[in-house]
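Keep the 3D view open as you read.

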Amino acid sequence: MAALVLLPIEVSDAGWLQDVFKGSSKQGKSPKQLSSPKHVTPPKRANSPKRATLAKSASPKHHTVKLAALGPAALNLPAPKPLATMCDPSRFRIVLDVGHTASSEGAISARNVAEFVFNQRLAQRIEEKLKAEGFAETRLLVTEGKARPSLVKRVAAANDLHANLFLSIHHDSVPDSFLENWEFEGKKSHFSDRFSGYSVFVSHGNPDFKTSLLFAELVAKEMKAQGLQYAQQYTQAVMGRYQHPLLNKETGVYSYDKLIVLKSTRMPAVLLEAGSIINRDEELKMDSPERRDIISSGVTAAVKEFCDPRWALLGPL
Ligand SMILES: [Zn+2]
C-alpha cells in the first residue's frame, strides 16, 4: 500500500525512508560495515561528562569562535569565516526540511494519515520553538512535486539559503513485508506494532560528516533525555537490506550514507525519524501536541547546545 504513495524508485516496499531517499540503486550495507566499530566514534564532546565538555571545547569550530571573540587583529590571525557568527542565534540559519511532499506523502500511518502531515505539523512546532528562542533565521522547507525531483529541489534550496544546519523531519514505518491488516473506521488498513521509537541518521557522504554527527548526537541525546527510546530494529538481521550501521548504541544514531538530503547538502545535515506512525500506539502519541512539544523542545535544546556548548552546562545564556 505504501508503495502507491511513493515513487517506484526500485522496490515494491517503497513506502518508506529507505527507498525514497536513496541516492543510488545499490541496496543495503555489507555485514562487515554493520559490525565494524570503525565509525563508532561520536565526538567526545557529545558523550563526555559536562565538565569535560567545557575543557574539551577546543574543537576547531569552537576554538574559532573563541578567537573571534578576542578579535582576529589582536591575535594576528586571518579573519575567521562565518563560523564566527555560529553562536549568534539571530544569524544562525537552520533549515527544517519537511519530509516528502503533498503529492508524494511518504508512509501511510496505521490510521491512514499521510506521513507528510505528521512531518509538517512537527516541523512547524520546531520552527515556532526555535524562533521563540531567538533563532530568527530558522526556515521551514516545504517542497512540492514528485518524490525524486523533490529531493534535488530541497537540497538546492538548502544550499541556496546557505544554511548553517539542515534537519530533515520524518516519521517511521516498516518494510511492507511486516504489515498486518486491520480495519480502522470501516476501512481496510495496515499496521505493525512490532517496532517503535525515534532514530537519527547521518551520512558519511556529507562534506562535514563530523559536524553532522555532532548535531545528530545532540538531537539523539535530547530525545533520550525526554524519556524516549530509539528504534533498534535497523541493526537486526530481520531488516535485511534495510539494516544500517548503528554509530552509537546509547543514543540511536545510525549512518545512512546514500541519503541524498544528507550527502548532497553543503552544510551539516541530519535526518530525524521522530517515531513510528505504523505502530498503532505510537501513532496516537505522535499525533498528540504533547509529543510534538517534547520532540520540538529536544530539538531546540540540541540546536542551542550545538550553537553554544556552554548552554548544556549553564542553561539559557
Ligand atoms: Zn519519510
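## The hairpin

Let's begin with β4 and β5, which make a hairpin with two residues between them. One turn residue, Glu185, has a positive phi of about 50 degrees. Keep in mind that this is a predicted model.

The two strands, β4 (residues 180–184) and β5 (residues 187–191), run antiparallel and are joined by five bridges. Glu180 has Phe191 in β5 as its bridge partner.

## The open sheet

Now for the seven-stranded sheet, which is open and has mixed pairing. Its strands come in the order β2-β1-β3-β9-β6-β8-β7. At the edges sit β2 (139–141) and β7 (246–248), each pairing on one side only. On average, neighbouring strands here are turned by 30 degrees against each other, direction ignored.

Zoom in on β6 (residues 199–202) and β8 (residues 253–255), a parallel pair with three bridges. Here Phe201 stands opposite Tyr254 in β8. Both of these residues also belong to a cluster linked by ring pairs, together with Tyr198, Tyr230, Tyr234 and Tyr256.

## Helices on the sheet

Helix α10 (residues 209–225) packs on the sheet and touches β1, β3, β6, β7, β8 and β9. Its direction makes about 175 degrees with that of β6. Helix α8 (residues 115–132), meanwhile, lies across β1 (94–98), β2, β3 (165–172) and β9 (269–276). The angle between α8 and β3 is about 140 degrees.

## The core

Which residues touch the most other members of the largest nonpolar core? They are Ile94, Leu167, Val200, Phe215, Leu272 and Ile295, out of 66 residues in that core. The biggest giver is α10, with nine residues.

Take Ile295 as an example. Setting aside neighbours within four places in sequence, Ile295 is in contact with Leu122, Met223, Leu228, Leu272, Ala274 and Met286.

## Rings that meet

The whole structure holds twelve aromatic pairs. One of them joins Phe215 and Phe306 edge-to-face, at 5.5 Å centre to centre and with 75 degrees between the planes. Phe215 belongs to helix α10 and Phe306 to helix α13 (residues 289–307), so this pair ties together parts that are 91 residues apart in sequence.

Definitions and conventions: Residues numbered from 1 in each chain as written. Predicted model: local features only at pLDDT ≥ 70, side-chain atom pairs only at ≥ 80, totals over all residues. Heavy atoms only, no water. Pairing = 2+ DSSP bridges. Helix = DSSP H or I, 4+ residues; strand = E, 2+ residues; numbered from the N terminus. Axes fitted to C-alpha atoms, helices over the stretch in contact; angles between N-to-C directions. Contact = heavy atoms within 4.5 Å. Core = buried A, V, L, I, M, F, W, Y, C linked by side-chain atoms within 4.5 Å. Buried < 20%, exposed > 50% of the residue type's maximum accessible area, 1.4 Å probe, protein only. Phe/Tyr/Trp six-rings, centres within 6.5 Å; stacked < 30°, edge-to-face > 60°.
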